[in-house]
Amino acid sequence: MGKMTSESGKPAARRNRTAMSCDKCKSRKTKCNNPVPGPCDYCRSIGASCQIDVGKRKQRPYYFVSEEQYKHMAKLIAHHYGPDIDLTTLRTLAAGIDNSSDGSPNQMPTPSIGMSSTKSESIHSGAPDDVVEKQEPQEGVALDDIDSLHEQLGCMLKDSTGEYRYMSAVSGISFNAAVRSLNPGSVSAKLDKDIIPPMKTMSLPPATPDSSAASISQGDIQLPSKPLGYQYVNRYFDEVHCLYWLYSSEQFHTRLENTYASRSATSASWVCSLYSIFALSSQYPSNAEAGIDLRSASEYLTLAKSMVPRVCDEADLDSIRALILLALALQSHCYSTSAYLHVGIATRVAQSLGLHMDKYSLSHGFVEREHARRIWWTLYIFDVELSLRCGKPRATTIEGSKRQAPLPSEQVLNPGPNMPSGYLEVSKNLTQLTELTSQTLYLEPLSGARKLLSPRVTSILSSLQEWANKVPSHLSRTACVAPSHKRSIALLHVRYWSVVILATRPFLLCSVLRQADLDEADKKRCYDELAGICIDAAQNSLNVLKMMGDEGLISSLLQSEFLYILELVQCFLIAFTKTKEENHIRSVRACLTVLKSMDDIGLVQKARPETILQLKELGIVDGDDELGPADNLQDFSQFLMGESGVDVYDM
């Protein structure tokens, strides 16, 4: 707008307004001229006293709140008290805070670090808030010396077995060593900053004559014949080692050859590892050329379990291998809870060696450190998968650590002929996405920690899609790869689709069981879209599993393949209930065909009859275990199989 002008074209003089009227002019509601310094024109004309009583004037308070502060405060209030809170409610809440005296966190004294002594004294002397001089917020004093102090004190202490054990600063052991180091002649100079200087006259744990960690002589090892032993080992490397790397192929076969050839003593952990592998692979009938094994798979499992006390006493890298292998054997024999507990012990041993902090390099060589890194991430992957299947918390932790174990260098330690290069990194990233999905969609909603909103589900699915886009070309499903790599790559993609199903199956189930509650159009559309993604993921997973069945890549040694198929059967049954489309029943029958092609051992032997029986009741399978015609289908809208995460055969 332009400047105001008078009729003559000259700018009009601005009107002088009085900032404040005197009491008499204010009461008369007339203009007060020149009240300051006074007297005003009116009071001078009548000879009256001209006064301004500031105390009686109602001043409008002025609060400085930036737009960003206001938005954040409004958001916090809406989050905790709802979006419809009014001024009366706010006054009531504020009065409750002023009158409370229950020692709540709001009444805790504020630390005085970085504040002037005057203000600190006034706060803690009980003076009113308006007496305290207002000061601008100050940043706290940087205490980063504490972090460097912890690193300086060390974290690895050598025990009586010669192994270095991880000791965090909270234990007080490094603090004790620092106090001892105050005497210049008490402790020699540290060769490694991570090492805690040992005691001079004491070393723990104490050694005993009957120590259970004593080595085992050759005569105490109950081995199968050499041809049978190598047959068991080859099956293990083909079907299990390709997913969970624990030994380099050269190292393992060299040790196995020495065990069969020599009479020298060996460790309990190595023997336990062999028994566990035999317990896994001897579930299959042996070849006639290799001979007959006089021991059963259950007997080998018993032998492996009997070694656990000695394995725990050794508590070295071999102990972690042995406990993971024993957990795999226990799970294969349907002892999932026992497997879960042994993985917990393996994690404790790994943490005692500092594997989680990449500290396993003090008394071991460069290559052995790469072994430790690969074993740690293998343990992490197996722990997350087993915990998910058992529906229990995992033992390994990787978040919140400034120094995590890096992935091993494949230039130093090649994964071998059974696992493709780069597989461990891709598998680890998928496992972390599995954890994120489980935490977001299952744990947080149950605990009430955070409200589940559609953008969070969309974010998870986007992360999964990003993972799939970044899979190297040699690990893609359609890549031309070596026969020994086909199984691990195929199962990598089945795992991916399983995580997509994990993220979307609640919406598929809810769209069937609570269809009447989805009255909002946007909400129903969201649930239908996620249900469709779940069905598509199940179909993609089935395609991979059918390919594995056709090429003989499916194994019954591990529970995973059977549980993947059971998961697909559940999804297709719910999809048929939702859509009534016949192609979902054909997919169930395709799952059953793959299931029937699996070897009759382990969980397949125990759970397959139950699955077929339930499908018979639905009319999908006829009385002779053959696939039934479509017109024999029964109503199974109320049918729900047990969750794949619940092992009903766990003992």
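Colleague: Which residue lies over the face of Tyr335, and at what distance from the ring centre?

Modeller: In this predicted model, the residue over the face of Tyr335 is Lys305, which lies at 5.9 Å from the centre of the ring.

Colleague: And what sits over the ring of Tyr340?

Modeller: That is the charged end of Lys392, placed 5.9 Å from the centre of the Tyr340 ring.

Colleague: Switching to rings with rings, how many aromatic pairs does a search of the whole structure find?

Modeller: The search finds 13 aromatic pairs, and among them is the pair of Tyr236 and Phe237, which is edge-to-face, with 5.2 Å from centre to centre and 80° between the planes.

Colleague: Are Tyr236 and Phe237 buried or exposed?

Modeller: Tyr236 has a relative accessibility of 1%, so it counts as buried, and Phe237 is buried as well, with a relative accessible area of 4%.

Colleague: Which residues do ring pairs link into a cluster?

Modeller: The cluster is made up of Tyr236, Phe237, Tyr247, Phe252 and Trp270, which are linked by ring pairs.

Colleague: OK, now Trp467 and Tyr496: what kind of aromatic pair do they form?

Modeller: Trp467 and Tyr496 form a stacked pair, with 5.2 Å from centre to centre and 15° between the planes.

Colleague: Where do those two lie, in which helices?

Modeller: Trp467 is in helix α17, which covers residues 454-470, while Tyr496 is in helix α18, residues 483-513, so their pair ties together parts that are 29 residues apart in sequence.

Colleague: What are the accessibility values for Trp467 and Tyr496?

Modeller: Trp467 counts as buried at 8% relative accessibility, and Tyr496 is buried with a relative accessible area of 6%.

Definitions and conventions. Residues are numbered from 1 along each chain as its sequence is written. This is a predicted model: local features need pLDDT of at least 70, side-chain atom pairs count only at pLDDT 80 or more; totals for chains, interfaces and linings use all residues. Side-chain values use heavy atoms; hydrogens and water are left out. Rings of Phe, Tyr and Trp (its six-membered ring) pair if their centres lie within 6.5 Å; planes under 30 degrees apart count as stacked, over 60 as edge-to-face and the rest as tilted. Buried means under 20% relative accessible area, exposed over 50%, partly exposed in between (1.4 Å probe, protein chains only). Helices (H or I, at least four residues) and strands (E, at least two) are DSSP runs, numbered from the N terminus. A charge sits over a ring if NZ of Lys or CZ of Arg is within 6 Å of the ring centre and within 35 degrees of the ring normal.
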